[in-house]
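Subject: Structure handover

Hello,

Here is the structure for you to look through. My notes on what turned up follow below it.

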Amino acid sequence: MIRSLYIRVVLTFLVSVIAGTIIAFFMSSWIFKEKLNEYAQINLRNFGEDIVRIYKTIPLREADLFVSEMKQLELYHIRIYEATGQFQSYGKLNGHKPATVRMEQVKKVLNGSVVQDTSNGIASIFLGLPLKTEVGTKAMFLEMLAPPSASFVINWALIFGTYLLIAGSLLILVASVFLVRPIKKLTKATKRIATGDFNVKLNIKQTSELGTLARSFEEMTNDLQQLEQMRREFVTNVSHEVQSPLTSISGYAQALKQVDLSDQERSRYLDIIIAEAKRMSKMSDSLLKLSMLESQSQQLRFVTLGLDEQIRRVIVALQPQWSAHNIHFELDLQTVKVTADHDQLNQVWTNILGNSIKFSKDCGVISVSIKQDIKYVSVRISDTGIGISLEDQKRIFERFFKADRSHSRKYDGSGMGLAIVKQIVSLHQGDVRVESEPGQGATFIVTLPITPPPD
């Protein structure tokens, strides 16, 4: 099996050119011979009738002399038969083998009939005509020699076909180099990517399908590079987030081995270990949920729900958290019906409101409002918390990202909540964004289609 595309292209072209040339040659030769045969018969008959008129017009001797000196004898051979079978020939055969004339054909012509034979093609076509002279009727047989024009055309066709094949082969050999070169570049680039080197520049300027493929390949390379960077950051973040609770669990477990611990200290250490274990479990659940959402293995179950009522229920469910900090809610929730996945959308409001409660100051205010137009509904959730810097707003929806690392111990969390929010809203073909200034609180705007368009 031929693996090289270059050889495939060259062989395909050569086979196509050779087959096409052979077919075209035989087709054109067949058509040409048919036309030439028809043309030769007409010319042979016209020449024969001219000879008949010559013998009818002038005396026999003068006619013989006139015919023997005709220039047409280069193309024709004439035999004039007597009734006895003897004949007089005119013209040179030049190596041409004359056709056999049978006595029955001679007798048939002497009786006034016309005999014509084209069974052997142009090279042996001959015509028998009755020839009336002053001494009686004779049988004249004219035979056309191989036409110089036919052999010339055939030779020219052979030479032309040969040079066409050679020139075409040379051109395709050169052209295929330029054709295969981009593919070789793509192959080398693929091998480099396989080794982890994403710094690949193809520099293919073609506008054909290969150029489109090259540009798509470069875009894919950039995406892979970003994915690799995200993967490394993910591994680093997971390692960091897991290491902290593991360190705490390991440290306090070692402390529990001390025999002189009081019951109060022992209980406190156990509470810390349990809390850290719950933190790891929560982070594991968040990672699993986000992974399922990103792979879309978890199909959304769309139902029609009251968005305002759902948000109210989430606020009520979070009452222990916000009442502990004397946080108040200002609600402007008009009645809105949307088609969405109830459980997933419930997770969105839980995560956003949970963050707003966590980062709000005591006795703060959280405002929630809903606005609706023809196709979309927007939910604004504003708090009076610590706010988010402009630089952090660009990464706030990345997993494991925490806007303020200095508050990481004070504000517990894995940094997965907003990443889950972003993915769920995207699956609903909506959008989520944040507006904030440090120290001035933050506002999250979630925009959802009232009815998600079909996939």
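Start with helix α11. Eight of its eleven residues are buried, so α11 is largely enclosed by the rest of the structure. Bear in mind that this is a predicted model.

The buried residues of α11 are Leu418, Ala419, Ile420, Val421, Gln423, Ile424, Val425 and Leu427. After α11 comes Gln429, which has a positive phi, near 60°.

What does α11 pack against? One partner is α9: the two helices pack at an angle of about 145°, and their axes are 9 Å apart. The crossing of α9 past α11 is left-handed. On the α9 side, the residues involved are Gln344, Leu345, Gln347, Val348, Asn351, Ile352 and Asn355. They meet Gly417, Leu418, Ile420, Val421, Ile424 and Val425 of α11. By type, this contact has eight nonpolar residues, five polar and no charged.

Now the cores. In soluble globular proteins, nonpolar side chains tend to be buried together. The largest nonpolar core here has 39 residues. Within this core, Leu307, Ile311, Trp349, Leu353 and Val368 touch the most other members. Elements giving two or more residues to the core are α7 (307-317), β8 (337-341), α9 (342-359), β9 (365-372), β10 (376-382), α11 (417-427), β11 (431-436) and β12 (442-449). The largest share, six residues, comes from α9.

Take Ile311 as an example. Beyond its neighbours within four places in sequence, Ile311 is in contact with Leu333, Trp349, Val368, Ile370 and Val379. Another core lies apart from the largest one. It has 23 residues, including Val52, Ile125, Leu131 and Leu142.

Strands β1 (residues 76-81) and β5 (residues 136-144) pair over six bridges, in the antiparallel sense.

Best wishes

Key. Residues numbered from 1 in each chain as written. Predicted model: local features only at pLDDT ≥ 70, side-chain atom pairs only at ≥ 80, totals over all residues. Heavy atoms only, no water. Core = buried A, V, L, I, M, F, W, Y, C linked by side-chain atoms within 4.5 Å. Buried < 20%, exposed > 50% of the residue type's maximum accessible area, 1.4 Å probe, protein only. Helix = DSSP H or I, 4+ residues; strand = E, 2+ residues; numbered from the N terminus. Contact = heavy atoms within 4.5 Å. Axes fitted to C-alpha atoms, helices over the stretch in contact; angles between N-to-C directions. Left-handed = near helix turned anticlockwise from the far one by under 90°. Nonpolar A, V, L, I, M, F, W, Y, C, P; charged D, E, K, R; others polar. Pairing = 2+ DSSP bridges.
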